[in-house]
Amino acid sequence: MNAATGVTAGRGSGEYTGTGTLLRLALRRDRVLLPVWVLAVGGMVLSIPGPVRDLYDTAAERAEFAASITTNSSLRAMYGPAFSDSVGGLTVMRVGVFAALFAAVMSLLVVIRHTRDEEESGRQELLSAARVGRRAPLTAALLAAAVANTAIALLITAGLSGEGAAGALALGLGVGGTGMFFAATAAIAAQLTGSGRLAKGLTAGALGTAFVLRAAGDSGTADGSSALTWLSPLGWTENLRAFADERWWVPALFAAAVLVQGYVAYRLAARRDLGMSFLPTRPGPAVGTLSTAGALAWRLQRGSLFGWGGAFLAAGIVFGGITTGAADLVGNNEGTQEILRRMGGASGITDAFLGTMATVFGMVAALFVVSSALRPHGEETSGRAEPVLAGAVGRVRWAGGHLVVAFGGAVVLMLLSGAGLALGYGRDPGAVLGAALVQVPAVWVLGGIVVLLTGVSPRAAPLAWGVAVAVLLVGWLGPAVDLPSWVLELSPFGWLPRLPGEGMRWGPVLLQLALAAGLITGGLAGLRRRDIGTG
């Protein structure tokens, strides 16, 4: 056993030696993270059939709803076409694409965490000093992603089997297959780039492109037959046609794509030295715009902010454009109207829909804030913080540079989402912008939790992702499954005034701003007192 890493060397000297040990290590390190992801993705799917059955309790109502989706290009772009008017078919339409999207995000994070992040931190070099084969780390990372995606597929299959075993299996295969597709994409990105941050950015860019291609294809055709849809693995998931005359040859596309990408990743890994990459980061002196800690933080995070900002603006325009159509689609369905009122306010359906979209953007912006506010933690655990702090840079000033980007970036994202909603909707820009900006205090509270956890201990910092996922699930699924109001108010978003339909209430807003300030202050105070790199 290697005393420094706790990894037992495997026997032999093959390229895959030690794969099993590294897989067990990866699963042990992710023993909390992976179950949270699996339950979140699976739970998101399994929470839909009940509300669908309650909202559209007759076959005629379900058929009418499916037909309205088929004839609305904007809604097809967002959700995909409805191939069946059964409860299972409408579940696939409502959540299939998003479940596949979240499985892909989980997979890319897992693979990069156990490949490029390990090399960047120096831990992989220690592991390789033992009897660990050259291909073992990459193989273990892909197997860890496979374990998680298999668990999601099994959970979906078992949970939806009551709606039809074949359809449940098809949806499980589609969601898990999408996850493995992007796990293999992340494996390639980990070989090309010199940092985990760039690898995640490349893979996320590929995922965003896949979503855009599918949306563009589905907006033009009602049956998923567009060439653009077939260019996207998210399009393959919907074209499996779960609960609607399943196409069992489609999973072969996922298998072939994973094998081809895996082959490329292994070939690239064999042609580079440990810690090196095919797209190395450009070196340069810390002069001019890089002479301060804040400028360095901006340089490190600006690409991420630009990418999120473009996505928020584009998504805002799309959702704003379907606002009127969505109100017409809801019609006189009391159940759907009630869900919108619980999320967006008890005003008219259009205002409630806009309020709901603003809340959704706020919850997604919270994911950006968590990721961005965790950047100091990443710099600390990778060993890059110590050289910076060895100079004339205080800890608060160093962390503050990243936090300005994180918290200021949240404001920018909500402004862009509000501007997009207003542009797409074409009226009431002030009210729509207000609905978006009122979400900022809740986003900052979640960012403050990150700062507090990081200040307490580096080991506690990743727990912020669990908090963010819990808030997302409560805010997104809570109204649909009719959770009690006190449960919804456990989320900071549940305290806020529901603009644009309701009147402005400054009390909850100011309270959350004060809470965020207290959390940030406490976190920075903890950072000043503890040792860097230790709990």
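This is a predicted model: local features need pLDDT of at least 70, side-chain atom pairs count only at pLDDT 80 or more; totals for chains, interfaces and linings use all residues.

Me: Okay, helices to begin with: at what angle do H4 and H6 pack?

Reply: Helix H4, which covers residues 59-70, packs with helix H6, residues 87-113, at an angle of about 30 degrees, and their axes are 11 Å apart. Because angles under 35 degrees count as roughly parallel, H4 is described as roughly parallel to H6.

Me: And which residues make that contact?

Reply: From H4 come Arg62, Phe65, Ala66 and Ile69, while H6 contributes Val87, Leu90 and Met93.

Me: Now H1 and H9, please: is H1 parallel or oblique to H9?

Reply: H1 packs with helix H9, residues 136-160, at an angle of about 50 degrees, with the axes 8 Å apart, and that makes H1 oblique to H9.

Me: Which way do the two pairs cross, left-handed or right-handed?

Reply: H1 passes H9 in a right-handed crossing, whereas H4 passes H6 in a left-handed crossing.

Me: What meets what between H1 and H9?

Reply: On the H1 side there are Thr19, Leu22, Leu23, Ala26 and Leu27, and they meet Ala136, Pro137, Thr139, Ala140, Leu143, Ala144 and Val147 of H9. The residues of this contact of H1 with H9 divide into 10 nonpolar and 2 polar, with no charged ones.

Me: Switching to rings, how many aromatic pairs are there?

Reply: The count comes to 11 aromatic pairs. In one of them, the rings of tyrosine 16 and tyrosine 266 have centres 6.5 Å apart and planes at 65 degrees, and since an angle over 60 degrees counts as edge-to-face, this pair is edge-to-face.

Me: Where do those two tyrosines sit in the chain?

Reply: Tyrosine 16 lies in the segment before helix H1 (19-29) and tyrosine 266 lies in helix H14 (residues 250-270), so their pair ties together parts that are 250 residues apart in sequence. Tyrosine 16 counts as partly exposed, at 42% relative accessibility, whereas tyrosine 266, at 16%, counts as buried.

Me: What about tryptophan 298 and phenylalanine 306?

Reply: Their rings also form an edge-to-face pair, with the centres 5.8 Å apart and the planes at 85 degrees. Tryptophan 298 is partly exposed at 35% relative accessibility, and phenylalanine 306 is exposed, with a relative accessible area of 55%.

Me: Which residues form an aromatic cluster?

Reply: Phe181, Phe182, Trp236 and Phe254 form one aromatic cluster.

Me: New topic: what is arginine 113 in contact with?

Reply: Arginine 113 is placed in helix H6, and once its neighbours within four places in sequence are left aside, it is in contact with Arg29, Asp30 and Glu118. The C-alpha atoms of arginine 113 and aspartate 30 are separated by 10.0 Å, although these residues are 83 residues apart along the chain.

Technical notes. Residues are numbered from 1 along each chain as its sequence is written. Side-chain values use heavy atoms; hydrogens and water are left out. Axes are lines fitted to C-alpha atoms, for helices over the stretch in contact, and angles run from 0 to 180 degrees between N-to-C directions. Helices (H or I, at least four residues) and strands (E, at least two) are DSSP runs, numbered from the N terminus. Angles under 35 degrees count as roughly parallel, over 145 as roughly antiparallel, 65 to 115 as roughly perpendicular and the rest as oblique. A crossing is left-handed if the near helix is turned anticlockwise from the far one by less than a right angle, and right-handed if clockwise. Contact means heavy atoms within 4.5 Å. Rings of Phe, Tyr and Trp (its six-membered ring) pair if their centres lie within 6.5 Å; planes under 30 degrees apart count as stacked, over 60 as edge-to-face and the rest as tilted. Buried means under 20% relative accessible area, exposed over 50%, partly exposed in between (1.4 Å probe, protein chains only). Ala, Val, Leu, Ile, Met, Phe, Trp, Tyr, Cys and Pro count as nonpolar, Asp, Glu, Lys and Arg as charged, and the others, Gly among them, as polar.
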